[in-house]
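Biologist: I'm new to this structure and would like to learn how to read it. Could you walk me through some of its features?

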Amino acid sequence: MNIRLDHLKDVIAREVFVTSATERIVEPAGEESAWIFDFRRVLLKSDILDTIAELFWENSKEKTPFQVGGVEVAAVPLIAALSLKAKEKGMAINGFFIRKSRKKSGLLRMIEGTLTDENVILVDDLMNSGNSLMRQVEILEKLNKKVAAIFVILRFRDLKYYTYFRDKGIEIYSLFSLDDFADSLHVKNLIPQQKKPVPMPFKAEWQFISERPNYFYVIPKSAPAVDNKKLYFGADNGNFWAINQKDGTVAWNSVIRSHSKGKYVFSSPAIHHDMVYFGAYDGNFYALNKETGKKEWVFREADWIGSSPCVAPSLNLIFVGLEFGLWKKRGGLVALDSENGQKKWEYAMPGLTPASPAYAQKEGMVICGCNDFSVYALDARKGHLLWQFRTGGEVKASCAIDEKRRLAAFGSFDAHVYVLNVTTGKLVWNIETREAIDSTPLIKGDYLYVASLDKKLYCIDLDTGAIVWRFAANGRIFASPVTIGDKIYIGANDGRLYELEAGTGKNTALFQATERITNKIAYNKQTGKIFLPTFANEIYCLSDTREII
C-alpha cells in the first residue's frame, strides 16, 4: 500500500472534485458543466505539493538527467515543488514554464526560464484531450528540445487514445486515472466516451518566418494570396514578401519605410493580371509587378490603410477603405483604376474604415463596413450611396455576397451576424453570438459559415436563419473560414487549424502550430498545398499525407 498515494486520492475526492450542486461550473465553450477537478484549490498547500513531488521522484529518479516544464498556471507550483524536492534529494534539475500566450511587451517570451540541453518532462495537473500538451511539444520541438515524458496527477482517457504522444515516443505517466474515482465519487457519466483522436495528417513541407513580428496586435493581419507559383503577404517588419511556393524561398520583397503605432502592412493583398495590390499604414496604396516587385503605381491620399482591396475585373476598378487623422474626415472608400491608379471616385465616411470592401457584380455595387457602426452600399461605377444599414457596433471585416439569393452577410462588434437584401439593404434576419465578430463569413451552397470571438464557428441555414451546428475551438477565432472541397478550414487562437465537415461540423483533421492563427489560409488547387499564416508572420506550407496514401 502506498500511503502517500492513498492520502492524495482522498484529498482529490474531498477538496478537488467539485459538482454543480455546490458551485456553478462553465466550460470554455460557454455551456454549463456538471463537475470539474479544480486542482488549484490544493496546489499551493505545502503538504500536497510535497506529496506530489515525492510520488514524482519515485517514478522519475531513474530518468535523470532531465529538465521539467509545463504551461501556466497549474504547472508553475508543480515545477517549483519538484525542483526543491530534487535539491532535498541531493540532485539539481532545471525548470521552466510555457506561457498560454506569448508576452506582448518586454522580452516577448513564450518560455520563462532557461532551457538546457537535457530531455524534457512536461508536468501538469490533469490530462484530458491532450491539446494543451500537444502545443507544448510543438513549441519545444521547434526549439530542438526533446520531450521524453509527461507526468500528470490525473489522466481522463485511456492511454490508447493518445496516439500523438505515442508516435513521438513520449511516455505518459499519471498518478491516477478517472477509473480510480468511478466508484468513490458516485457521479453519472464520470468516464467520458472514448472517442477516436482527431487525425493530424498535415505535414509542414517548409516554414517561412518574417523577422521581428509584432506580438501586441492579436488581430487579423495580412493574409496570404497565391497565384500558381508565388505567395504574397505583408509583415510586421515593413516587408511585403513574394515567396516561392515550391520551397519557401524569397522571390522578392518590397519595404514599407514608415508605420503607425507599430503597424506596417495589415492589408491582405489582391492579385489581378500581372499586379498585386495592397495598402499600408504609411497611408499609401501600392500596385506592384507580381513577377519583379517593381512599383507600377502608388496612391498616396490616405493617412493609413488597413483595409484589404477587392477587384472588379469587368470595371477595371479596385476598391479599398481609407483612414484619415482629420476631425471632419475619418474614413471612406475609394475606387482606383487598376492599371494606373487614377482615382475614379471617393466616398467619405464619418468613421475609420479598416474594413475590406466586397463587390456584388450582379448588383453593380460595392459594400463596405465602417467603424461608425454602419455598412454602406455604393454604386460601383459612380460611387454614390445606394443604401446604409446601421448596426450596434463597429464593422471591421468584409461581407459575403450570395448572388443566388441576393443577400449580403456580415458580422459586427455588437456580436450579431446580419443578413441583408443586397438590393435594398433591408434586414432579412440576424443572429446573436456571445462575442464580437472580426472575420469574414463564408457562403457555401445553402449555408453561411461565420466565426466569432466566442471561440465558435457557426453554420447557419441561409433560407431560415436557423443555426445548423456550432463548432467550439479552444481559442478565440479571428480567422475567416475557407472551403476546400466538402470541408471547411478555420484557424484559431489556440494555434490550431481545424478541418470540419461542412454538413455536420465534425472535426476530421487538424494541424497544431505554435503561434496564434488570426487569418484565413490560402490554397493552391493545382498543387494541393495549404498555406497557413500565424499572427507572428509565419507561413506554413502544408501537404495532406492522406492524398499520398
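Biologist: Which side chain does Asp463 meet in a salt bridge?

Modeller: First, keep in mind that this is a predicted model. To spot a salt bridge, look for a side-chain nitrogen of Lys or Arg within 4 Å of a carboxyl oxygen of Asp or Glu. Here Asp463 meets Arg405, at 2.9 Å from N to O. The two sit in distant parts of the chain, 58 residues apart. Asp463 is in the loop between strand E32 (456-461) and strand E33 (467-472), while Arg405 is in the loop between strand E26 (400-402) and strand E27 (407-411).

Biologist: Are these two partners buried or exposed?

Modeller: For that you look at relative accessible area: under 20% is buried, over 50% is exposed, and anything in between is partly exposed. Asp463 has 53%, so it counts as exposed. Arg405 has 17%, so it goes down as buried.

Biologist: How many salt bridges are there by this rule?

Modeller: The count comes to 35. Take Lys85 and Glu54, whose side chains meet at 2.9 Å, N to O. Lys85 belongs to helix H3 (residues 75-88) and Glu54 to helix H2 (residues 46-60), so this pair ties together parts 31 residues apart in sequence. Lys85 is buried, at 3% relative accessibility, and Glu54 is buried too, with 12%.

Biologist: Which residues are linked with Lys85 and Glu54 in a network of salt bridges?

Modeller: Asp50, Glu88 and Lys89 join Lys85 and Glu54 in that network.

Biologist: And what does Lys343 pair up with?

Modeller: Its side chain forms a salt bridge with that of Glu301, at 2.8 Å from N to O. Lys343 lies in strand E21 (residues 343-349), and Glu301 is in the loop between strand E17 (295-299) and strand E18 (310-312), so the pair ties together parts 42 residues apart in sequence. Lys343 is partly exposed, at 34% relative accessible area, and Glu301 is partly exposed as well, at 44%.

Biologist: What about a charged residue without a salt bridge, such as Arg135?

Modeller: You check how far away the opposite charge is. Arg135 is buried yet has no salt bridge, and the nearest side chain of opposite charge, Glu515, is 6.0 Å away. Since a salt bridge needs the atoms within 4 Å, keep that cut-off in mind here. You'll find Arg135 in helix H4 (residues 131-142). Beyond its neighbours within four places in sequence, Arg135 has contacts that include Ile98, Arg99, Met110, Asp494 and Gln512.

Biologist: Now let's zoom out. How many helices and strands does the protein chain have?

Modeller: There are 5 helices and 40 strands. In the 549-residue chain, 57% of residues count as buried. As for contacts with a separation of 6 or more, 50% of them are between residues 24 or more positions apart.

Biologist: What does the radius of gyration tell me about the chain?

Modeller: You compare it with the value for a compact globule. With 549 residues that value would be near 24 Å, and the protein chain has 26 Å, which agrees. Along the principal axes, the C-alpha atoms fill a box of roughly 85 × 55 × 50 Å.

Biologist: How far apart are the mean positions of the positive and negative charges?

Modeller: They are 3 Å apart, with 71 positive and 65 negative charges in the protein chain. As for the accessible surface, it comes to about 24,100 Å², and 48% of that belongs to carbon and sulfur atoms.

Terms used. Residues are numbered from 1 along each chain as its sequence is written. This is a predicted model: local features need pLDDT of at least 70, side-chain atom pairs count only at pLDDT 80 or more; totals for chains, interfaces and linings use all residues. Side-chain values use heavy atoms; hydrogens and water are left out. Helices (H or I, at least four residues) and strands (E, at least two) are DSSP runs, numbered from the N terminus. The radius of gyration is taken over C-alpha atoms; the globule rule is 2.2 Å times the number of residues to the power 0.38. Buried means under 20% relative accessible area, exposed over 50%, partly exposed in between (1.4 Å probe, protein chains only). Contact means heavy atoms within 4.5 Å. Accessible areas come from the Shrake-Rupley method with a 1.4 Å probe; for residues, only the protein chains shown count as cover. Lys and Arg count as positive and Asp and Glu as negative; His and the chain ends are not counted. The place of a charge is taken as NZ of Lys, CZ of Arg, CG of Asp or CD of Glu.
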